[in-house]
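These are my notebook entries on one structure. I record below what I looked up, entry by entry.

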Amino acid sequence: MKLEDFGYNNKIETLKKENNLEAFEIGRVILEHKERYIVTTVQGEYEAEITGNLRYTANTREDFPAVGDWVALVMYDSYNSIIHKVLPRSSMLARQAVGQSGDIQIIATNIDYAFIVQAVDRDFNINRIERYLTICNTSNIQPLIILNKIDLIDKLSLNTLMDDLKKRINAVPIFAISSISKQGVEQLKEIISKGKTYCLLGSSGVGKSTLVNILTNTSLMKTKNISEHSKKGQHTTTHRELILLDNGGIIIDNPGMREIGIASGSYGLEKTFETIYEYSKQCRFKDCTHTIEIGCAVIAAVDIGEIDQSSYENYLKMQKEKDHFESTVAEKRKKDKNFGKMVKQFKNLKKSSKF
Ligand SMILES: Nc1nc2c(ncn2[C@@H]2O[C@H](COP(=O)(O)OP(=O)(O)OP(=O)(O)O)[C@@H](O)[C@H]2O)c(=O)[nH]1
Ligand SMILES: [Zn+2]
């Protein structure tokens, strides 16, 4: 296997040089389980753990490796290795960790494109699409919209849905497909590019797994064949979260993708709600919340129909969630910092003490 098959390119090469990692083996994390990793390299798949130093210097969960990461490794036998460093990421999909308010859990990194999947029957909801768009824009991932299950509605209804969608969302490609009748699937396959990394986002039941199966079928079989030859250093796992497609694309699919929420940060609001941001520049007050202020250009635009009413309401709702999320993260960081300080003070005290 070549590293390029897993998305290695000039950018990663430059990062490797910039970080003085020429002496190390480079690999991509394809699976993570409780701080143990499977990393793919030119020499095959390796199990990996992180160095004590990496653990010691890590301030938050974000500093630990995640699926999709490019890492610098030291191999110590044909199957095992140690992760010395995580290369800087081009994108990061994260969410608020369960039960630990303010803690961030990384789901995957270095994703180029996300397919936002919705089913056109009961699931269709533009507010939710805007929500996923915001997540993508925040995470530096290019969004693409997939309307799935078009076999369940007639052409006229589909056209209406598309029109409604285009009224609120522009500049994001939309694909109407059916995983059952395979309508539109070929066009979708065509836009998947070699060496680019993709993921699928969407509610339960919209057809993400079915679509991943359609896109990966033969590649999964191929991977299995390679493992059967069991070259030296080849680790044989059947479960992977980073999957190679026939046409050279790469898909990351893991359970965390199913649970992504707005809590993963909605700093991408500006990009998602571009029209609102454009109007907001004309608001009388710089810190206008666009809710009650006199001279608010956003409210005025909503009143004359220049901004879609539902889009505006959705924006306000997500803005509120973003504020809440940011304040819990800030609080958590402050607490961690205070605790860190306390530990340091205690250590100093111990050092200076004669006992
Ligand atoms: N009619 C129709 N049914 C579909 C289509 N795609 C998927 N389904 C069905 O929808 C159901 C849910 O599909 P899944 O692929 O499991 O959905 P998912 O998004 O992976 O769901 P989670 O794993 O819960 O997140 C299954 O019964 C599929 O057979 C489609 O294009 N048309
Ligand atoms: Zn305003």
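This is a predicted model: local features need pLDDT of at least 70, side-chain atom pairs count only at pLDDT 80 or more; totals for chains, interfaces and linings use all residues.

**Entry 1: terms and conventions.** Residues are numbered from 1 along each chain as its sequence is written, while chains are lettered from A and ligands numbered from 1 in the order in which they are written.

Entry 2: I looked up the shell of ligand 1, where a residue is near if its C-beta atom, placed from the backbone, lies within 6 Å of the molecule. The shell holds 16 residues, of which Ser204, Gly207, Lys208, Ser209 and Thr210 come nearest. Helix 6 (residues 208-229) contributes the most, with three residues. Helices (H or I, at least four residues) and strands (E, at least two) are DSSP runs, numbered from the N terminus.

**Entry 3: the chain as a whole.** I find 10 helices and 13 strands in the chain. Of its 355 residues, 33% count as buried. A residue is buried if 20 or more other C-beta atoms lie within 10 Å of its own, exposed if 12 or fewer, and partly exposed in between, with C-beta atoms placed from the backbone. For contacts, I use C-beta atoms, placed from the backbone, that lie within 7 Å. Among the contacts with a separation of 6 or more, 70% are between residues 24 or more positions apart.

**Entry 4: domains.** The domain assignment gives domain 1 (3-88), domain 2 (94-99 + 105-263) and domain 3 (269-352); such bounds come from an automatic or database domain assignment. The contact takes 11 residues from domain 2 and 10 residues from domain 3. On the side of domain 2 that touches domain 3, helix 3 (126-139) and helix 4 (155-168) are the elements that give two or more residues. Helix 3 gives the most there, with six residues. That side of domain 2 divides into three nonpolar, four polar and four charged residues.

**Entry 5: nonpolar cores.** A nonpolar core is a set of buried Ala, Val, Leu, Ile, Met, Phe, Trp, Tyr and Cys residues joined through C-beta atoms within 7 Å. The largest has 62 residues, and Val39, Val71, Leu93, Ile116, Cys199 and Leu201 touch the most other members. This core draws at least three residues from each of domain 1 and domain 2. A second, separate core of 11 residues includes Ile276, Tyr279, Cys296 and Met318. In soluble globular proteins, nonpolar side chains tend to be buried together.

**Entry 6: the annotated positions.** Which residues does UniProt list for "binding site"? The unreviewed entry lists Cys283, Cys288, His290 and Cys296; positions are in the numbering used here, feature names are shortened, and annotations may be inferred rather than shown by experiment. Cys283 is in the loop between helix 8 (274-280) and helix 9 (297-303). Beyond four places in sequence, Cys283 touches Cys288, His290 and Cys296, among others. Is Cys283 buried or partly exposed? Cys283 counts as partly exposed because it has 19 C-beta neighbours inside 10 Å.

His290 lies in the loop between helix 8 and helix 9. His290 is buried, because 22 other C-beta atoms lie within 10 Å. Its contacts beyond four places in sequence include Ser280, Cys283 and Cys296. Ser280 is found in helix 8, and its C-alpha atom is separated by 7.4 Å from that of Cys296, 16 residues apart along the chain.

**Entry 7: backbone angles.** Most residues other than glycine have a negative phi, and most peptide bonds are trans. I note that His290 has a positive phi of about 60° although it is not a glycine. Lys149, also not a glycine, has a positive phi of about 65°. Lys149 is found in the loop between strand 9 (142-148) and helix 4. Lys149 counts as buried, because 24 other C-beta atoms lie within 10 Å.

Conventions
Two residues are in contact if their C-beta atoms, placed from the backbone, lie within 7 Å. Ala, Val, Leu, Ile, Met, Phe, Trp, Tyr, Cys and Pro count as nonpolar, Asp, Glu, Lys and Arg as charged, and the others, Gly among them, as polar.
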